[in-house]
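Try each task before you read its solution.

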Amino acid sequence: QKLINNNETANKDHVHIPILHTSFSSIITDRTDYIFGKDIQNPMIGALKCISVIENSLIDSNIKEVIVGIPCNTFHTYPILNPFLFYLNNIPICNFKFSNMVDLTGKFIKKNYQNEKVGLFSTIGTNTSNLYLDEAKKNNFELVYLSQKTNLKINNIIYNKDWGIKKKNNPVDDKAIEIFN
């Protein structure tokens, strides 16, 4: 909201909130493989390398606060997120604030759909992690899971190596759309 408000009131380029986006997917190990024990390296290690790029760009700047967001549900599982936040919160050069998308989703649902049933369309990793079940309990809404068969279809729509959304998303492949429908 702060970013949107600033963009509406900023009248010169230099008064906009600075934005630095880093994405080094190749150094962040697969989150689902990690939580299922198929990979021993915690993905937070690669994410912290991305943070170090941001940290290095802040040297000799007057920027004292940086908001960090990671757009991956499975990254928000406790074995990955908690150690990441420990390191993030102990970087001395800047105050890094983490924008937790799972927490924000729970708060949004609480505000707009309290005491309602909410369906979870997710990967198997997110589904198995129970992240949103914890949010549902905390924010007073009922979480409805898809059948295992449907959840496998959703996972395939996302991860299929030939036509999945992670492979082809602009436009989404017709095969993914066909299965979703």
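A salt bridge is a side-chain nitrogen of Lys or Arg within 4 Å of a carboxyl oxygen of Asp or Glu. You are looking at a predicted model, in which local features need pLDDT of at least 70 and side-chain atom pairs count only at pLDDT 80 or more, while totals for chains, interfaces and linings use all residues. Residues are numbered from 1 along each chain as its sequence is written, and side-chain values use heavy atoms, leaving out hydrogens and water.

**Exercise 1.** Work out how Glu135 and Lys138 are placed relative to each other.

*Solution.* 
Step 1: These two form a salt bridge, with their closest N and O atoms 2.9 Å apart.
Step 2: Both sit in helix H7 (residues 131-139), and because they are three residues apart, about one helical turn separates them. Helices here are DSSP runs of H or I with at least four residues, strands are runs of E with at least two, and both are numbered from the N terminus.
Step 3: Glu135 is buried at 6%, while Lys138 is exposed at 52%.

**Exercise 2.** Describe the salt bridge between Glu65 and Lys97.

*Solution.* 
Step 1: The closest N and O atoms of Glu65 and Lys97 are 3.3 Å apart.
Step 2: This pair links distant parts of the chain, 32 residues apart: Glu65 is in strand E1 and Lys97 in strand E2 (residues 95-99).
Step 3: Glu65 is partly exposed at 36%, and Lys97 is partly exposed at 40%.

**Exercise 3.** Which residues of H8 are buried, and where do they pack?

*Solution.* 
Step 1: In H8, the buried residues are Asn151, Ile154, Asn155 and Ile157.
Step 2: Down the helix axis they fall within an arc of 160° (taken from the directions from the axis to the C-beta atoms), so they line one face of H8.
Step 3: They pack against helix H6 (124-129) and helix H9 (174-180), where contact means heavy atoms within 4.5 Å.

Methods. Buried < 20%, exposed > 50% of the residue type's maximum accessible area, 1.4 Å probe, protein only.
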